[in-house]
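Good morning, and thank you for coming. I would ask you to keep the structure in view while I speak.

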Amino acid sequence: MIELNPFIIFFAAIFTNNMIFSYFLGMCSFIGVSKEIPTSLGLGQAVTFVLTFTTILNYILYHSILVPLNLEYLRFIVFIISIAAFVQLLEMVVERYFPNLYYALGIFLPLITVNCAILGVSLFMVIREYTFLQSLGFGVGSGIGWTLAIVAMAGARQKIKRTKLPRGLEGPGITLIITGLMALAFIGFSGIVQIQ
Amino acid sequence: MGTIFITTITVTTFTGLLALLLTLADRTIGNYGELQITINDDKEYIVEGGDSLLSSLISQQIFIPSACGGKGTCGYCKVKILEGGGPVLSTELPWLTGEEIEDNVRISCQCKVKEDMRIEIPEELFNVREYQVTIETIEDLTPRIKRLRLRFKDGEEIDFKPGQYVQLKAPIYEGNDEEVYRAYSIASPPSDKSYIDLIIGYVGGKATTYVHKFLSEGDTVDINGPYGDFQYQDTYDNDMVMVAVGTGFAPILSILYYMRDNDIRRKARFYFGARTPEDLFLLDEIEALEEELYDFQFIPTLSRVLDEHDWTGERGRVNVALDKHIKSPEDKEAYLCGSPGMIDTVIEVLKDKGILEESIYYDKF
């Protein structure tokens, strides 16, 4: 593992290793909630928010509990449970004490408990043996990258709404095709930096 | 062996701890205490805070129409929240018009009760109850339309206006993984409160598949109701024009029985649109009503008649027959029930004929 600057990882997670366009992770909410820019921006912020905290949480869980006990193989189930519980808890706290934040992004929290981009980031962090700061950069960057992707898609879909499509392609069909085209464009960035 | 043991213990402890943490959080952070909901500035209810407004109202036996069961995907459960609703959430926006937002209309399954609330709901919703009923008979009216008789338990009865509907719950069954509620108009006379009839056509949806493929006589189903402001109007005693297609027959039948039972002496014409003679049903009951009612005539009109059908009645869609039969628009009141397309066309025809828009009542489904 080459010692990469956390900032490089941060930018790489946005552009060259985008969760959506490079790994196709978190597609369910990406397709479901990318109909309008404001909503998708809200969801994107929620994903970034959750990614930041779950990456930190799972880093600590993995390195201070699972590794010392030789239980690394349990990381899948432990990460899933900790993400689900954390999002639940976060929703309650935000709803109670930060009403404005709740109205902006809290209502999206239940949607992203099972977003696989969030589990993906935690797992990549382990596979790629990131340090704490690198993990943090990767987590925040992935969130912003995911937001970028869904907002771009919402922008495209707002325009598409007014065009005539073959019936079978409406909704998820055309969205997947556009995602593919956008992914092709993002491949252009992919040679710039290697983070794995 | 050791690995299995350690794995089980670790996962159990971990989930157990988190469950404990969440329960504690729910008791402390998620506990909003007892809150008060004031409805129509008249009735006050004390509810446990933290739940959605829809489920809080259900816990007080107040049923707001909702087809999706509180998942925010149907947009039916609208109520006016005058105080305590917080800002409109983006999960509500798809279902609200700008006018409704100005008017404080909200989607009640998305709003949580976090402070005392003041809301407004139509008064007749207080009359809505949830019932478990038994399917007494299932009758095939046509190959695709069935009539179900739902019998209430002893001691229970329903008080509805002719034209209103109930919601039937389709439970989870093989091929359907979620509970859904669908609305069906009542087709029986309001004078007998111990049962209701529903006329349900097969369209391949979750509820109609349940009714047509899974239900049999003797089964129990859950319904709630009655709902709807498509009702018989007794303000004037002018002539009635009734128009229906398909299962839109149901509320009109209920209205006709109501007129029979209360000896209402109004002239009534019922235009019923279908494709072929095989699509007509309950003709014997309608004939009996023609005998019993003061001045009632059933005018079926068929759009796909073939020579072999030997049909002497009206041909074409209902709007053609209406155009032909309605001579004077004075003192006429219209009741329409059917698909949105049919209703929009018929409203245009009736307005052209000079019938006032406020005298046209309709139920689109």
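P226(B) is found in strand β11 of chain B, which covers residues 220–227. Helices and strands here are DSSP runs, numbered from the N terminus: helices are H or I with at least four residues, and strands are E with at least two. The bond that joins P226(B) to G225(B) is a cis peptide bond, with omega at about 0°.

A word on the source: this is a predicted model, in which local features need pLDDT of at least 70 and side-chain atom pairs count only at pLDDT 80 or more, while totals for chains, interfaces and linings use all residues. Residues are numbered from 1 along each chain as its sequence is written, chains are lettered from A and ligands numbered from 1 in the order in which they are written, and side-chain values use heavy atoms, with hydrogens and water left out.

Let me stay with the backbone and turn to chain A. N70(A) has a positive phi, near 60°, although the residue is not glycine. N70(A) sits in the loop between α3 (37–66) and α4 (75–97) of chain A. Is N70(A) buried or exposed? With 56% relative accessibility, N70(A) counts as exposed.

E129(A) is exposed, at a relative accessible area of 58%.

Next, the surface of chain A. Which residues form a nonpolar patch there? They are F7(A), F11(A), F15(A), L148(A), F189(A) and I192(A), with about 620 Å² of accessible area together. Patches are made of residues with over 30% relative accessible area and no salt bridge; like charges are joined within 9 Å, and nonpolar side chains (Val, Leu, Ile, Met, Phe, Trp, Tyr) within 5 Å. Accessible areas come from the Shrake-Rupley method with a 1.4 Å probe, and for residues only the protein chains shown count as cover.

I come now to the interface. In chain A, 22 residues are in contact with 24 residues of chain B, where contact means heavy atoms within 4.5 Å. The two chains bury about 2,000 Å² between them, and carbon and sulfur atoms give 75% of this area. M92(A), R96(A) and Y103(A) supply 30% of the area that chain A buries against chain B, more than any other three residues. Buried area is the accessible area (1.4 Å probe) that two parts lose on being put together, summed over both.

How many salt bridges are there between chain A and chain B? The count is two, a salt bridge being a side-chain nitrogen of Lys or Arg within 4 Å of a carboxyl oxygen of Asp or Glu. K112(B) forms a salt bridge with E95(A), and their closest N and O atoms are 3.3 Å apart. On the side of chain A that touches chain B, the elements that give two or more residues are α3, α4 and α5 (99–105) of chain A. The largest share of that side, 13 residues, comes from α4(A).

Finally, salt bridges over all chains: the count comes to 28. Among them is the pair D295(B) and R269(B), whose side chains meet at 3.3 Å, N to O. This pair links distant parts of the chain, 26 residues apart: D295(B) is in strand β14 (residues 295–302) and R269(B) in strand β13 (residues 267–274), both of chain B. D295(B) counts as partly exposed at 26% relative accessibility, whereas R269(B) counts as buried at 16%.

The side chains of D323(B) and K353(B) also meet in a salt bridge, at 3.7 Å, N to O. D323(B) lies in helix α7 (residues 318–325) of chain B and K353(B) in helix α8 (residues 340–353) of chain B, so the pair ties together parts that are 30 residues apart in sequence. D323(B) is partly exposed at 47% relative accessibility, and K353(B) is partly exposed at 22%.

To close, a network of salt bridges links E139(B), R147(B), R149(B), D197(B) and E285(B). Thank you for your attention.

Technical notes
Buried means under 20% relative accessible area, exposed over 50%, partly exposed in between (1.4 Å probe, protein chains only).
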